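Here is a note for a colleague who is opening this structure for the first time. Please read the points in order, with the structure in view.

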Amino acid sequence: MLSILVLIPFAGALITAVMPARPKLWAFGFALATLLVGIVTMFTAPDTDLAWMKPLGVHWALELDGFGKLMVLLTVVLVPLVMVAAVKDHDKRWYAWALALEAFGLLTFLAADLFVFYIAFEATLIPAYFMIGQHGGPKRAKAALKFLMFQLGGGLVLLGALIGFFVVSSEAGTPSYLISDLAQLDIGTTAQRWIFVAMFIAFAVKAPLFPVHTWLADTTEQATPATSVLLVCILDKIGTFGMIRLCLGLVPEASAWATPVVVVLALISIVYGAVLAIGQDDLLRLIGLTSLSHFGLITLGIFAATREGLVGSILYMVNHGVATAAMFLIAGFLISRKGTASISSMRGLEKATPVLAGTFLVAGLATAGLPGLSQFVSEIMVLISAFDYHWLIGVIAVTAIVLAAIYVLWAYQRIFTGPAESSPRPVKDLDRREVGVLVPLLVALLFFGFVPGPLISAASPVVEPLVNVIQAGE
Amino acid sequence: MFESPGISYATLWPVLLVLGVACAGVVVEAFAPRAARFNAQVSLASAGLVAALAGTVAVGAGSGLGSSTGEGALVIDGPGVFSQGLVLLVSLGGVALFAERRLDNGVSVFAGQAAALPGTPAERTASQRGLEHTEVYPLMMFAVGGMMLFCISGDLLMLFVALEVLSLPLYLLTGLARRRRLLSQEAALKYFLLGAFSSGIFLYGLALVYGFAGTMSLAEIGAAAENDGSSPLLLLGIGLMAVGLLFKTGAVPFHSWTPDVYQGAPTPVTAWMSAATKIAAFAAMLRLFYVAFGSEGDIWRPAIGVVAVLTMLLGASFAIVQTDVKRMLGYSAVAHTGFLLTGLLGAVRDDAFGSTQAVLFYLTAYGFATLGAFAIVSLLRGPNGEVGSLDRWAGLGRTNPWVAGAFAVFLLSMAGLPLTAGFIGKWGVFAAALSAGQWPVVGVAIVSSIIAIFFYVRMIMLMFFNDPSDDAATVVAPSYATTAVIAVSAFATVLLGVIPGPVLNLLMDAGGFIG
């Protein structure tokens with residue numbers, strides 16, 4: 001069943017690539033099929049474990065825990081929505097790549113074998129690279145190259161950790177890459193620290209975290225908004241996913257050892273990303289930089305390593321995915337109307353496009369953590385754990401909320417309020433297709449804002465053993 | 001009293017067959033009418049290679065595995081037979097590329113008459129008469145025979161003889177390009193001169209090692225070295241022999257011929273040579289270092305480590321600044337030599353995944369990728385023959401998505417991305433080296449991989465994200481043989497990346513080198 005979940009979008013990618021007639025419809029059909037199978041797996045999905053590359057100790061092993069379920073759900077929901085939202089901007093190549101990206105993305109969330117995780121982790125880059133390079137702004141080729149160089153650099157460092165695990169594992173007996181087997185290994189302190197550093201660099205590039213975030217702004221500026229949704233809302237989550245599952249899960253002692261450094265980097269990301277976002281004129285770049293700030297908070301929650309912090313981070317990953325996807329898509333709709341992403345060339349659009357303005361405000365306030373919208377709960381949990389860790393850290397992290405309010409509201413003010421410009425071509429409000437894309441996202445934002453229970457109960461059992469291990473280590 | 005050595009024809013006949021085919025090719029060249037030669041040579045060569053391949057598989061599966069013959073001069077062991085099979089497989093692709101006649105208006109890429117000087121009336125006459133150089137097939141067969149011997153040489157003398165048998169035809173083949181003949185001949189001269197020097201150095205080292213051990217047999221040298229490892233005669237010998245082999249594989253600082261020869265040689269020759277020579281040279285190098293000098297690992301590992309580090313860094317950095325595809329792939333081949341040397345440094349294991357297995361798998365992955373990549377290079381043409389200049393490859397993804405796609409697969413494999421054979425290969429050599437505690441070298445290997453990715457990806461970017469330029473190269477439709485080579489290489493590259501299990505198992509079952 002879990003293999004099917006990966007194979008459907010993969011087959012869809014191949015079929016879309018060669019289908020001469022209505023490829024986009026085919027792609028959308030496959031995305032819907034993935035959504036259906038994804039929902040079914042929420043309820044029933046036996047683990048898969050087959051021998052794959054035996055001499056290397058690699059298993060084709062897939063499993064789905066609560067954390068994985070949330071990420072899978074986020075992925076399978078976002079992909080079809082994005083496909084509908086972006087139908088005018090892309091040709092069939094993009095659709096085929098999007099399905100391939102979905103397949104590999106799902107595989108990372110399902111992998112119970114580190115080698116499989118790594119293969120999927122790296123394989124996502126190929127579709128992402130082509131999606132950035134083939135559609136988007138004038139400097140997209142350069143942005144795609146920068147994206148790929150950063151990501152592959154991180155990936156190769158992760159390969160070092162992967163080989164390190166193989167060496168330790170084969171010294172202990174038969175080599176195995178099953179994450180459950182690796183967790184039992186007795187790794188020496190030095191080796192553990194090296195492995196941690198290698199893994200953390202890779203995930204920090206992916207997540208992204210200061211100072212390896214510089215690809216993010218360029219990529220989101222040059223790529224189409226739909227590509228950015230897939231990159232920032234799904235792909236980048238693999239970074240924080242890996243931090244929880246692999247850094248905390250496999251080398252907890254080294255994680256505790258590195259926490260002070262990580263916390264400082266996370267704080268810099270939080271404040272720096274928000275401050276940069278405030279000063280941006282390019283709307284897509286602005287949204288990309290807000291994500292830098294948000295990923296800082298997620299990382300902070302992970303490494304504060306309390307129960308609240310971890311659950312909050314997991315929730316944050318889901319909520320950020322939904323809210324930022326909405327932001328990118330709304331920005332995309334706006335840009336397709338104005339023909340530019342420059343905020344200074346837009347003003348007073350509130351009158352002409354009340355629905356667009358309204359959805360922008362709701363999604364924007366969600367990213368700023370307004371109570372009643374989904375991100376609030378996760379943000380509070382992360383901040384509580386930050387205060388638990390050290391009061392000063394908490395104080396600095398809280399500034400993120402103030403700064404977020406500034407960049408959201410100021411952007412809103414610049415774009416939508418003020419006197420309407422006397423444009424020869426009136427700007428139309430959202431049409432039915434666009435509203436249809438946004439409604440599920442906004443509903444999710446509101447629903448999980450008031451009823452975060454299901455998310456918390458999905459994430460808690462995953463967090464429990466991690467917290468136990470870490471507290472036992474301290 | 002002199003007794004003639006016993007020779008096990010049951011295990012050696014594939015090699016003898018290939019050498020026999022080479023001799024038969026010479027006879028055909030001498031007696032067959034000119035019109036019939038091309039077909040006769042191509043079918044003779046390919047039939048010989050197919051039969052030899054089948055024979056190698058049979059030997060590998062038969063009871064002869066693990067024996068030595070010819071008084072220990074030839075060793076039939078798993079890694080040796082595996083690399084022989086690999087050489088044959090790549091050479092089969094090589095013959096298909098050699099026989100390509102559709103790309104250049106019905107003539108092959110080889111000079112019509114090698115003796116006719118470039119730019120002379122004699123050359124013009126040769127090309128007007130549509131002469132073809134069909135000697136290339138017997139030459140190639142001699143080289144293949146030499147490579148097969150090189151893979152299974154169990155003593156020093158055989159090693160040297162095989163080295164010369166494989167090298168001399170390569171020097172000639174390099175100089176036979178139909179177009180840009182001066183470039184080709186210059187490359188051949190450079191290759192020959194440097195190759196002759198390196199052979200001399202190799203021979204000198206060989207003599208010193210013989211002087212130390214008093215025997216030619218690798219196994220007996222290994223035993224002698226274990227007793228007295230610090231003899232200066234031995235150490236100097238190891239060093240000089242290493243230089244000879246490092247030259248063949250194109251390792252820094254003995255790499256300077258590589259880009260020139262890769263660029264100057266006719267592209268089918270480059271394609272085949274870059275894959276096959278590397279396989280044979282590394283097979284021999286593994287055997288020499290593990291069997292004869294295995295006990296001296298503490299001494300040669302650091303030295304080879306330094307060479308590996310320099311080779312990876314220089315190869316990758318110089319590849320970035322190249323503007324010609326063949327030169328870029330040439331420097332990339334240098335970088336790959338560095339990765340292979342990293343694998344050589346690792347721990348040797350007969351029963352688990354170790355250096356031997358890692359290096360041989362890497363050679364498999366690299367062999368297919370480089371054969372396919374150069375085959376594609378031969379397809380892109382302008383008015384004056386092949387187009388190597390990078391900027392004229394721009395936009396290929398738009399105009400010829402299949403060709404560009406296949407090339408991208410080869411580049412991604414060379415870059416070591418998952419789901420391609422190159423990734424498993426890279427993982428393997430790094431893992432082998434790290435198991436032996438060679439983490440500084442592995443660290444450099446990771447850094448140079450990142451550098452190398454840059455130029456592979458830039459090439460992909462050029463093909464897929466740029467618009468075609470006005471003087472863009474056109475893709476000439478090749479014959480079925482070339483198409484098959486490209487398709488099979490691309491298929492193998494992806495298959496070995498997704499399901500490497502069977503080949504890995506084969507390597508695990510093959511066991512280690514024996515003396």
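**Notes on the interface, helix packing and backbone**

1. Across the interface of chain B and chain A, the rule finds 0 salt bridges, a salt bridge being a side-chain nitrogen of Lys or Arg within 4 Å of a carboxyl oxygen of Asp or Glu. This is a predicted model, in which local features need pLDDT of at least 70 and side-chain atom pairs count only at pLDDT 80 or more, while totals for chains, interfaces and linings use all residues. Side-chain values use heavy atoms, with hydrogens and water left out; residues are numbered from 1 along each chain as its sequence is written, and chains are lettered from A and ligands numbered from 1 in the order in which they are written.

2. The contact (heavy atoms within 4.5 Å) draws 31 residues from chain B and 33 residues from chain A. Together the two chains bury about 3000 Å², with 84% of it on carbon and sulfur atoms; buried area is the accessible area (1.4 Å probe) that two parts lose on being put together, summed over both. Of the area that chain B buries against chain A, Pro418(B), Trp427(B) and Phe465(B) supply 23%, more than any other three residues.

3. Within chain A, helix 2 (residues 23-43) and helix 3 (residues 66-85) pack at an angle of about 160°, with their axes 9 Å apart. That makes helix 2 of chain A roughly antiparallel to helix 3 of chain A, where angles under 35 degrees count as roughly parallel, over 145 as roughly antiparallel, 65 to 115 as roughly perpendicular and the rest as oblique. Axes are lines fitted to C-alpha atoms, for helices over the stretch in contact, and angles run from 0 to 180 degrees between N-to-C directions; helices (H or I, at least four residues) and strands (E, at least two) are DSSP runs, numbered from the N terminus.

4. Residues of helix 2 of chain A, including Phe28(A), Leu35(A) and Met42(A), meet residues of helix 3 of chain A, among them Lys69(A), Val76(A) and Met83(A). The residues of this contact of helix 2 with helix 3 of chain A divide into 15 nonpolar, 2 polar and 1 charged, with Ala, Val, Leu, Ile, Met, Phe, Trp, Tyr, Cys and Pro counted as nonpolar, Asp, Glu, Lys and Arg as charged, and the others, Gly among them, as polar.

5. Helix 15 (residues 307-338) and helix 16 (residues 354-367) of chain A have axes that come within 9 Å and cross at roughly 150°, and are therefore roughly antiparallel to each other. The residues of the contact of helix 15 with helix 16 of chain A divide into 10 nonpolar, 4 polar and 1 charged.

6. In chain B, the axes of helix 2 (residues 34-61) and helix 5 (residues 136-151) come within 10 Å and cross at roughly 15°, so helix 2 and helix 5 of chain B are roughly parallel to each other. Their contact divides into 9 nonpolar, 2 polar and no charged residues.

7. Some backbone details deserve a look. The peptide bond from Ala207(A) to Pro208(A) is cis, with omega near -5°, and the one from Phe210(A) to Pro211(A) is cis, with omega near 0°. Pro208(A) lies in the loop between helix 9 (189-206) and helix 10 (214-222) of chain A, and Pro211(A) is in the loop between helix 9 and helix 10 of chain A. In chain B, Glu71(B) has a positive phi, near 55°.
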